Amino acid sequence: MAQQNTKEKPEILYSVKAQRGSELRCKGWRQETILRMLENNMENAEKPEELVVYGGIGKAARNWESYHAIVKSLKELEDDETLVVQSGMPVAVFKTHKYAPTVVMATTNIMKPSWDTFYDLQDKNLTIFAQYTAAPWEYIGTQGVIQGTFETLSAIARKHYNDSLVGKIMLTAGAGGMGGNQTRAMAMHGGVCILADSNVEIINRRMEVGYIDVLADSLDEAIELAEKHATEGKPLGIGVVGNAADIFEEVYEKGFRPDILTSMTPAHDPISYLPSGYTVEEADELRKRDRQLYLKKAQETMIRELRVTNKFFDEGVHAFEYGTSLRKEARDGGMPEEEAMKIPGFVAEYIRPLFCEGRGPFRWVCMSGDPADLEKIDNMVLEKFKDDLLVTRWINLAKEHIPIEGLPARICYLGFGQRKEFALEVNEMVKRGELAGPVAFSRDNLDSGSIVNPTFESENMPDGGDLISDWPVLNGLLNALGMCDLIALQANYSMGEAVHTGVTMIADGTEDAAMRLEVCMTVDSGIGVVRHAQAGYESAKDVANGKGNLTDESIKIPLWWEPTATFGPDDLDK
């Protein structure tokens, strides 16, 4: 008689809500905060029943056994213990000390990486796909990337349109957990955005939270609405159902030319990219039935999307890749290098000057769940950094336009020096009882010094060091030395293309928190300043030398990099 499997299956949760209020389930606020960050990931997740947070396959835990074990471990964790998580699975709890991180994790780090290798390891229950903020429990909903889009559009406005996008039209695609912000970001600039997505349910979800204003019945109606509102100088976010490649080609054939063109389709994760000619349901079936055929069809569609994007670019449309790995995947699919890499990436083209100041997508999350805490922090930021136009303009717009998703949270491009000053003040606000609970600080992994990605964040570095992955490793080491509360070292993006870190710090009003924050908030963005300064950016050198616009704090630099050096006796005569 065959032996029956009597192992009890864990509960699958179809919805999770992060705990609010002052009640602790853990043995301290550090552990409780990390648990609430995990729950907030799940509250904002695209497919919580599959532990998928965003980006197609970016997961919060490896499986349901792991999820429940993580929750149990955090609840039982002592102040002098550290939870170790390997690719979404809790593998150990070590007795460390009270200043050690509460959680350390490493995710999707694979030798000789390829998509085939990754999926084989995932099928064996050995790894997950980290995405940027899914695995380290730092996702804050669609708003997590919106300031990056807003600042990219700001740079386009300054560079091409006399600092205004009123009356301009943007065409894009991808309304998922990252891309769904684009319509709102363009509307915040007073412009119009047409956003295509193959899944009407995803468009409807963005409409429910106010990121998309209207769903057009057809592409013709979308174009008509866009032209009308642009002519009247009125902002509008328009959703339209359709595959990116199909929509872009149809727009081109109709002779309509937007002012700006990009997309946030998940080309970095080809198994999530919807091939042309398939409905969402048909794609799901093909994905399960024949993965290799699915990947082939997806890559063929990516090449079509990029080819028509290049056509728009050649005709003067301001087209760029928005961190999707579309160019790299198209190149891997057989597109000639020159053709595949024709359009620029948005970091090198628009955002890098901010990275040189240590600026990047810094976030804070209010553990109390009370929107009043977010309001008080916003007001403090407006006062403390009242002379920083980038900060004040964004915070005022965010207060008006950005809905709360899950726990109250905000993103803001604070730079080196500013982050420490801000975090210490928040800690004092908690200590004084002005806030109803602790606050967690994190950031996107797309930050000044936390990532290497030669076709995205580290593309076209002036020192030629696009491929050097020492910098995110140094970032992780420094954050751990800085006594951060969670540190994650990850690989991500198009398989084998990026290494990066995620970090979480907690302000609970204690002196220990102040000590941690002072160190960690300095080194996390400081190593980004150093990386860009050593690459040759003069503005970053100014910051390192204490002559930046945001702070007079400096960084000791033992040696400046030069393209030539003395490697041995033969170099003495040169």
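1. Two strands are taken to pair if DSSP finds at least two bridges between them, and helices (H or I, at least four residues) and strands (E, at least two) are DSSP runs numbered from the N terminus. The model is predicted, so that local features need pLDDT of at least 70 and side-chain atom pairs count only at pLDDT 80 or more, while totals for chains, interfaces and linings use all residues. Residues are numbered from 1 along each chain as its sequence is written, and side-chain values use heavy atoms, with hydrogens and water left out.

2. Strand β14 (residues 439-443) runs antiparallel to β17 with three bridges, and here Ala440 faces Ile506. Strand β16 (residues 486-492) is joined to β17 by seven bridges, again antiparallel, with Gln490 opposite His500. The hairpin of β16 and β17 has five residues between the strands, and in it Tyr493 takes a positive phi near 65°.

3. Is β17 mostly covered or mostly uncovered? Nine of its 10 residues are buried, where buried means under 20% relative accessible area, exposed over 50% and partly exposed in between (1.4 Å probe, protein chains only).

4. A parallel, open sheet is formed by six strands in the order β8-β9-β7-β6-β10-β11. Because β8 (214-215) and β11 (318-319) stand at the edges with a single partner strand each, one side of each is left without a neighbour in the sheet. Strand β10 (residues 260-261) is joined to β11 by two bridges in parallel, and the bridge partner of Leu261 in β11 is Ala319.

5. Helix α8 (residues 244-254) packs on this sheet, touching β6 (169-173), β7 (192-197), β9 (236-241) and β10, and its direction makes about 145° with that of β6. Contact here means heavy atoms within 4.5 Å; axes are lines fitted to C-alpha atoms, for helices over the stretch in contact, and angles run from 0 to 180 degrees between N-to-C directions.

6. The axes of helix α7 (residues 219-232) and α8 come within 11 Å and cross at roughly 65°. In their contact, Leu219, Asp220 and Ile223 of α7 meet Ile247, Glu250, Val251 and Lys254 of α8.

7. A nonpolar core is a set of buried Ala, Val, Leu, Ile, Met, Phe, Trp, Tyr and Cys residues joined through side-chain atoms within 4.5 Å. In the largest such core, of 104 residues, Tyr67, Trp137, Trp364, Trp394, Phe422 and Phe441 touch the most other members. Apart from that core lies another of 50 residues, among them Trp115, Ile223, Ala226 and Val251.

8. Leu407 lies in the loop between α15 (389-401) and β13 (409-412), and is buried with a relative accessible area of 0%. The C-alpha atoms of Leu407 and Asn40 are separated by 6.5 Å, although the two residues are 367 residues apart along the chain. Not counting residues up to four places away in sequence, Leu407 touches several residues, including Arg20, Asn40, Val365 and Met367.

9. Arg327, in helix α11 (residues 326-332), is likewise buried, with a relative accessible area of 1%.
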